[in-house]
Amino acid sequence: MDAKLAKEHKPDPFEFEYTTRDAIIYALGIGCKAKEDLRYIYEGAEGFIPLPTYVVAPGLLANMILDWPGIQFDLTRILHGDQYIELYAPLPSEGSLRSETRVVDVLDKGSGALIMSESDFDWITEESTRYRSLLRPEAIVPVTVVSIFSHDVRCALGQEAGHAAVRDVPDNIYVGSGNFGGARTSPHEKKGADIPKRPADKILSDTTSVDQAALYRMGSGDLNPLHVDPEFATMSGFKTPILHGLCSMGFATRHVLKAFANNDATLFKAMKVRFTSPVLPGQTLETHMWDEGDRVVFETKVKETGKTVVSNGYMLLHGKTGRGQAKL
């Protein structure tokens, strides 16, 4: 790993366009159902809106660093460690975004390397183009974002103009690429929540489909063969293809929104999770949630084994300033 070379590289801007169909396929990929989640899977439903975690799709493509200078890339040795997402406004039903990406740090974790990248995303609209042409560069609202390797999104269009701004911070580990003499920590790293010692206030569960990973990869754009190809999974050290960590996060997101926001994604503000164990398609994801007043702390387990797969999670909700449901 060559941190200096990686940080000096500046790729061409990336543009991403999505439609209601893309958002719907993503929602189906994280377990949405017609009976309970119509506003996320039917474009004609009142209040149709993409789920907030759909931001991982443009982030993934914006930060593809398969051939990034200074980074030794091997798809079989990538593990997703942590994820942080923050929205300043709900995602529109469809839209176009433009990003500029750079690597801001390469951390040496001993057993692996963390590649931290950063992207600025702006909505591409006639209104935003006019706005940016009139606004002084120093007046644009910055939204600092850090990612490890792949999908890190920053929308930096002025919040006062009513445009969405997104912070998407994933941490991916390159196993076996550590001990290269780099920094061990970074101020950009996000701390997760401590899980309370008391019993959970609410528990929700969903059984994933045996085809969940095959569907999720189409909705998210994460086409890593680890999640569908048995031979590739074996090469990566697994007996069988595993579910995307971000898919498990999507299930947990839905559980928290149902339990504390009346299943209203517009109340989503931010969340942080850590991925601790793989999930096999077909297993049941059970999310344990604690009402901590201004935020919901949670962890997700595989019901059949009792293993924690998403840990140290928390979600911030608009309108939640105390215990109980979030309300605006």
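Guide: Let us start with helix 8, residues 245-260. Helix 8 has 16 residues and runs 23 Å from its first C-alpha to its last. That is close to the 22 Å expected at 1.5 Å a residue (the expected span is 1.5 Å times one less than the number of residues). Helices (H or I, at least four residues) and strands (E, at least two) are DSSP runs, numbered from the N terminus.

A word on the source. This is a predicted model, where local features need pLDDT of at least 70, side-chain atom pairs count only at pLDDT 80 or more, and totals for chains, interfaces and linings use all residues. Residues are numbered from 1 along each chain as its sequence is written, and side-chain values use heavy atoms, with hydrogens and water left out.

Back to helix 8. Of its 16 residues, 14 are buried, so helix 8 is largely enclosed by the rest of the structure. Buried means under 20% relative accessible area, exposed means over 50%, and partly exposed lies in between (1.4 Å probe, protein chains only). After helix 8 comes Asn262, with a positive phi near 50°.

Now the core. The largest nonpolar core holds 52 residues. Leu51, Phe298 and Leu317 have the most contacts inside it. Helix 8 supplies the largest share of this core, nine residues. A second, separate core has eight residues, including Met1, Ala6, Trp68 and Ile71. A nonpolar core is a set of buried Ala, Val, Leu, Ile, Met, Phe, Trp, Tyr and Cys residues joined through side-chain atoms within 4.5 Å.

Strand 9 is mostly covered, with six of its eight residues buried. Strand 9 pairs with strand 12 (residues 308-317) in the antiparallel sense, over six bridges. Pairing requires at least two DSSP bridges between two strands. Arg274 has Ser311 of strand 12 as its bridge partner.

The Lys272 side chain makes a polar contact with the side chain of Asp82, at 3.2 Å. A polar contact is a pair of N or O atoms within 3.5 Å; within protein, one must be able to donate a hydrogen and the other to accept it, and residues adjacent in sequence count only if both atoms are side-chain atoms.

Lys197 gives a contrast. Lys197 lies in the loop between strand 7 (166-175) and strand 8 (202-207). At 85% relative accessibility, Lys197 counts as exposed.
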